[in-house]
Amino acid sequence: MKAINFVVPGTFVLLLSACSDDSSKKPVVNAPESTAKSTESVSVDTEAKKEDMVYLEQDPAFVKDIISASVSSQSNMFNREAVIPPQCYTKTEGHFNPCYTCHQFATPGEGRANWMSDGELQGDYGFSDLGVTNHWLNLFEDRTARIEKISDQEIDEYVNEDNYSSLAGRLMEQGWDAWYPDLKDLHLAADAFDDQGFAKDGSGWVAFNYMPLPSTFWPTNGSTDDVMIRLPEGFQQAADGKNSRDIYLLNLSVVEAAIKNFTEISIPEMDEKALGIDLNGDGELTKTQRLKRPTHYLGGASDIAVKTFLYPRYTEFLHTVRYVGIDDQGDVYTPPRMKEVRYMVKTVDHKKSTLGAFYAEEQKDKEEGNLPRYATLGQEGLDNKFGWQLIGFIENEQGVLRQQKYEENLFCMGCHTTIGSTIDQTFAFARKVDGAQGWGYLNLKGMPDVPMFGGEIPSNLEYLERVGGGNEFRENEEIQNLYFDHGKLNKEKVAAVKDVYELITPSPERARALNKAYRTIVEDQDYVYGRDANLKPATNVFRSIDTEVPPLEPQHRATYDIRLDWSGYKED
């Protein structure tokens, strides 16, 4: 058997020939730290065969070193390609397509700021030498015995504990000098907001109703979540500098029209005469429920031009990822306990041409084999190079929220930097229910499965059909049993569900099992090995990629628009 060195910062790996004896299936151990730090390069013996596989081993001691390091430390990392998410290692078998929701070509002539145009990655992995090895080892861990040891009562009590409210105070005690979770009572989910989504604490955060992106944020795959937006003070004020809820809501609507590239959008009824603004552009001051997208924002932000597909500077997003709550009736709800609190703020307002240059630089880096690198800002998180700063808080071993370490935060960069489907590096807001009826806390009940923008097929149904399962890995057994017959999607069964809630939420039994599975990851603190709460070791996932075999044959690649067509949706 021939051993080949594969040197990676923070670990030591042997490539073991697949043609050798059964010992090739043994995992390998990490080298001492001195070996790990000896090089920043990745080298592979050219005699290695394509069949050779890489096996990495989970190392609790190494994880402990990462957790004990400073939040900015990059000296001891397990995966410098953490920007490649676990889903990219799915065994597609040439026709199952989970790739299309992220990797897309730019739409010519539309004026988008996202020039990544990476749709070819549906047919080409484009991984670095390091990236071909799947570092998301938690996918392959068998949690069955540990799940069985956690009772339903224990996990229910844990999920319903509030681990959010103490975070801000603890940060202040540490001398925190950056953004902190400033939305009071957010653990109460919908009860923290009024009917239009405005936070009851007056903080300026506004919740909106959107369709979760398939399928990581489907509750049936382990998490509930919510997203809030906040615009700068000037956008919340009338021209005289006084706070105005109407002006704020109008400016939020202008942002929505800009991000979705709508020329007009519905709004709650407004009195144009009282506001002194012809909102619908009909030349008269009356009451209206339509807003024509203006060239500039309104009120205290009237000097700021509206730019399509871009948020104004200092736009903020707050995103909480939570466990799956189950009430006494067996219904899914958003519980108090949070797995993560994520925050991003746009600090630089780049021109579209400048952003285009950044995308070109990213593509050049990939071609040259350069590994991802992002500036660490300490308490302010990471700079994504495109004008946004991102920071995250995640549970410690006791379930108390702590700031993410560098590598844990690096995980977020893969989705919020250079993939072709995002709009200004974001997902959820472009998927908001259009206009007036989309302001309010996330509510999947009564929400129809609408097509993507410009499409005809209900988007979740299309996803299930293209992917061949209820998640990217095709390992959601409950979805398989409900909607698939011998591996083929039963479209009639999907069409018969009454709303998105029924389609993408789990049974109480599955919800509790997923909560328990994730709890074991929290106990281990090995987020660097992945955060997917799989109930069994994954089988439809590669441990190592043969980059000469395309993920998908051409006929199975697809176009996609992250925006949705809500034109046929009217609330009861």
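Me: How far is the sulfur of C102 from the closest cysteine sulfur?
Reply: This model is predicted. The closest cysteine sulfur to that of C102 belongs to C415. A disulfide needs the two sulfur atoms within 2.5 Å, and this pair is too far for a bond, at 5.5 Å.

Me: Which cysteine holds the sulfur closest to that of C99?
Reply: C99 is buried, with a relative accessible area of 15%. Its closest cysteine sulfur is 6.9 Å away, too far for a bond. That sulfur sits in C88.

Me: How many disulfides does the structure hold?
Reply: The cut-off is a pair of cysteine sulfur atoms within 2.5 Å. C102 is too far from C415 for a bond, and C99 is too far from C88. The number of disulfides in the structure is zero.

Me: How many residues of helix α9 are buried?
Reply: Helix α9 spans residues 406-413 and is mostly covered. Its buried residues include Y406, L410 and M413. Among the elements covering them are α2 (60-68) and β13 (388-395). Of the eight residues in α9, the buried ones number seven.

Me: What is the phi of A189?
Reply: A189 lies in the loop between α5 (167-173) and β4. At 5% relative accessibility, A189 is buried. Its phi is positive, in a residue other than glycine, and is near 55 degrees.

Me: Which residue is joined to P214 by a cis peptide bond?
Reply: Omega of this bond is about -15 degrees.

Note on methods
Residues are numbered from 1 along each chain as its sequence is written. This is a predicted model: local features need pLDDT of at least 70, side-chain atom pairs count only at pLDDT 80 or more; totals for chains, interfaces and linings use all residues. Side-chain values use heavy atoms; hydrogens and water are left out. Buried means under 20% relative accessible area, exposed over 50%, partly exposed in between (1.4 Å probe, protein chains only). Helices (H or I, at least four residues) and strands (E, at least two) are DSSP runs, numbered from the N terminus. Contact means heavy atoms within 4.5 Å.
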